[in-house]
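Here are my notes on the model, point by point. Please read them with the structure open.

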Amino acid sequence: MQTAEQTLNEILTLAAAHFKVPREKLSPDDDFFKALGIDSLQTLDLLTKLENHFHVELPDYELQGVSDFRTLAGKIQVRL
Amino acid sequence: MKDFKGQAISWELKNGVIELLLHRAPCNELGSLSLNELEQFAAALDVAEKDAHSLIVHSELKSGFCAGADLRELYERSEQMEKSRAALGVREFLERIHRVLNRIDASPLTTIAAVHGVTFGGGFELALVCDLIFADKLARFAFPELRLGLIPGFGGIPRLKRDLGNGVVRDLLLTGRSFNATKAQQIGLVSQVVGEGEALRAARATAAQMGKFDRHTAAVAKQFIKPIPHDELRHEIDIFCELFARPAVRAGLKKFVESTDAQPYLP
């Protein structure tokens, strides 16, 4: 099983590629809404991308209040 | 009428395929404008069906297929009216949109919803009237109505029950969570999952194939396998209207409309 750090890195890489933001500008504790410049609809795109990439289901209510990549990675890690 | 260009929807009949396009920003919210034009579309179907074999419903907006009912309009109109008049207005709206959706559901054409992005609430219900749903990888489906103190009101539950197991219906309805396209295909809701931006192309390819089949046989087969749950649909309107009269709904709508939450679409 991959480590939490690997999961976090993959999320950052995937988010950077999908929303066309330079990977080096994203940090684990960034607010992803601000860092990626996305709204709630685009957040759903990110959620879908992550579910498809990691082959997990992430109920959207688990994302309520989650706004940084590190916490997001933790939510995914426990479902791997 | 072979083509129409409206403010919320447009349609065109070409080579036996009617394409119904949704294009009302931000995400094809279904309000009175959309309903007026959808009623025109339903009336036009009577003529257009004679020259067509398939119907494709899709959205040209990047945000998605359809985010559902126009909650802002629903809230603002309700606020301007007395409670009893608002309730009557909601019932009338629901009965009108049910007539349109039942008409599409019962069409002898083979109907395909080509969806991407947000396919929530009334948008999900619009897709469910179609015979087939093709989804791109980023499509998501949800019934978030319970967060407003409501149930889906455009025929969603009876149609979902028609197509899927009751356990899945309960999951979607009671949790309000959204399913991605892969999950939706696993449970039998989506026929084909395609790459990003490819749903319309796949729908057109399938519609072209449908054009090779005998129309009468296809229509008879559809009528046999896809009954319209009229009693449950009427019951759904009654339940929706009963719930709509409760104060919790106005509070829920107000909260949604005034929300500055970064994730208002998340249940």
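1. Basis. The model is predicted: local features need pLDDT of at least 70, side-chain atom pairs count only at pLDDT 80 or more, and totals for chains, interfaces and linings use all residues. Residues are numbered from 1 along each chain as its sequence is written, with chains lettered from A and ligands numbered from 1 in the order in which they are written.

2. Fold of chain A. Chain A has four helices and zero strands. The order from the N terminus is α-α-α-α. Helices (H or I, at least four residues) and strands (E, at least two) are DSSP runs, numbered from the N terminus.

3. Dimensions. The C-alpha atoms of chain A fill a box of roughly 30 × 25 × 20 Å along the principal axes. Of the 80 residues in chain A, 28% are buried. Buried means that 20 or more other C-beta atoms, placed from the backbone, lie within 10 Å of the residue's own.

4. Contact with chain B. On chain A, 15 residues are in contact with 19 residues of chain B. Contact means C-beta atoms, placed from the backbone, within 7 Å. Helix α3 (residues 40–54) of chain A gives the largest share of this side, eight residues.

5. Contacts within chain A. Take contacts between residues at least 6 apart in sequence: 56% join residues at least 24 apart.

6. Helix α5 of chain B. The buried residues of this helix (residues 156–163) are B:Gly156, B:Ile157, B:Pro158, B:Arg159 and B:Leu160. They pack against α4 (122–128), α6 (166–175) and α10 (230–244) of chain B.

Conventions: Buried ≥ 20, exposed ≤ 12 C-beta atoms within 10 Å, placed from the backbone. Contact = placed C-beta atoms within 7 Å.
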